[in-house]
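Good morning, everyone, and thank you for making the time.

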Amino acid sequence: MKKAPPSIETQELREFGEVLRGRRTVNLYLQTPVPEELVRDAVKAATWAPNHHLTEPWRFVLPGERTVEKILDLCQRIVSEKKGADLALHKRESWSQKPGWLIVTCRRSDDELRQNEDYAACSAAVQNFMLYLWKAGVGSKWTTGDITRDPRFFEILGVDQSEEFVVGLIWYGYPKLTPAQSRKELSEVLITLP
Ligand SMILES: Cc1cc2nc3c(=O)[nH]c(=O)nc-3n(C[C@H](O)[C@H](O)[C@H](O)COP(=O)(O)O)c2cc1C
């Protein structure tokens with residue numbers, strides 16, 4: 001006799017779904033500090049992402065105040081080089097409002113399949129990090145702007161660009177504003193075959 005599957009109508013499952021669907025990319029943050037222990041727990045959760053061959057290809061860099069200052073300087077320089085001083089200053093000011101910073105890197109590989117799978121694993125790790133924080137009331141934003149490929153950024157972080165690449169610069173903090181978002185209907189993305 002086949003055993004009935006466990007209930008899919010539990011409060012826990014409903015709440016879990018709400019966390020998954022409710023997480024939003026946050027642009028505006030309160031200046032309330034995020035406890036470092038929570039961030040460390042979120043990084044720990046990130047490392048439990050699936051990763052093929054257990055390569056654990058990720059590294060997580062938590063910059064302190066002095067390093068963030070260097071990143072802000074570089075951000076301003078990059079924008080100034082491309083778009084002029086006014087916009088650069090504006091961007092620096094906007095970035096200086098981000099209360100928390102995390103950089104996630106992935107080990108490079110000469111093997112294309114390994115590289116793709118490692119990047120996939122790192123992406124799953126970033127999602128774990130963001131979801132863990134979200135459940136604790138902390139929003140985040142995953143960015144991949146020009147700075148994340150700039151050699152000067154790697155110098156600031158002390159990361160060897162020939163060995164690792166940046167998967168994302170993640171800002172986090174308690175949301176000042178949580179934007180609305182939408183997704184396609186399930187019927188547009190889910191194909192069921194006989
Ligand atoms: C790999 C990756 C890179 C991203 N880079 C940026 C970025 O550089 N700038 C940005 O505004 N958003 C970036 N995002 C965030 C997306 O814009 C955001 O997830 C999307 O708008 C959906 O919003 P949601 O996260 O609230 O569902 C990135 C997301 C991913 C997965």
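Let me begin with residue classes, where Ala, Val, Leu, Ile, Met, Phe, Trp, Tyr, Cys and Pro count as nonpolar, Asp, Glu, Lys and Arg count as charged, and the others, Gly among them, count as polar. By that scheme, the shell around the ligand has one nonpolar, five polar and one charged residues. The residues that surround the ligand are R24, T25, W142, T143, T144, G145 and Q181, where a residue is taken as near if its C-beta atom, placed from the backbone, lies within 6 Å of the molecule.

Two remarks on the source are needed here. This is a predicted model, in which local features need pLDDT of at least 70 and side-chain atom pairs count only at pLDDT 80 or more, while totals for chains, interfaces and linings use all residues. Residues are numbered from 1 along each chain as its sequence is written.

Now the overall layout. The protein chain has seven helices and six strands, these being DSSP runs numbered from the N terminus, with helices (H or I) of at least four residues and strands (E) of at least two. Along the sequence they follow the pattern α-β-α-β-α-α-β-α-β-α-β-β-α, and the C-alpha trace spans about 70 × 40 × 35 Å along its principal axes.

Turning to the sheet, four strands form an open sheet in the order β2-β3-β5-β4, with antiparallel pairing, where two strands pair if DSSP finds at least two bridges between them. Its edge strands are β2 (58–61) and β4 (139–143), each of which pairs on one side only. Strand β5 (residues 164–173) is joined to β3 (residues 100–107) by eight bridges, and β5 pairs with β4 over five bridges. Which residue of β5 is the bridge partner of L102? That partner is I170, and I170 is also the bridge partner of W142.

For the whole chain, buried residues make up 24% of the 194 residues. In the loop between α6 (151–157) and β5 we find D160, which counts as exposed because it has 11 C-beta neighbours inside 10 Å.

Finally, the helices. Helix α5 (residues 112–135) packs with helix α2 (residues 36–46) at an angle of about 140°, their axes being 7 Å apart; axes are lines fitted to C-alpha atoms, for helices over the stretch in contact, and angles run from 0 to 180 degrees between N-to-C directions. The contact is made by D41, A42, V43, A45 and A46 of α2, together with A125, V126, N128, F129, Y132 and L133 of α5, two residues being in contact if their C-beta atoms, placed from the backbone, lie within 7 Å. Those residues divide into nine nonpolar, one polar and one charged. Helix α5 also lies across β2, β3, β4 and β5, running at about 10° to β5.

How values were computed
A residue is buried if 20 or more other C-beta atoms lie within 10 Å of its own, exposed if 12 or fewer, and partly exposed in between; C-beta atoms are placed from the backbone.
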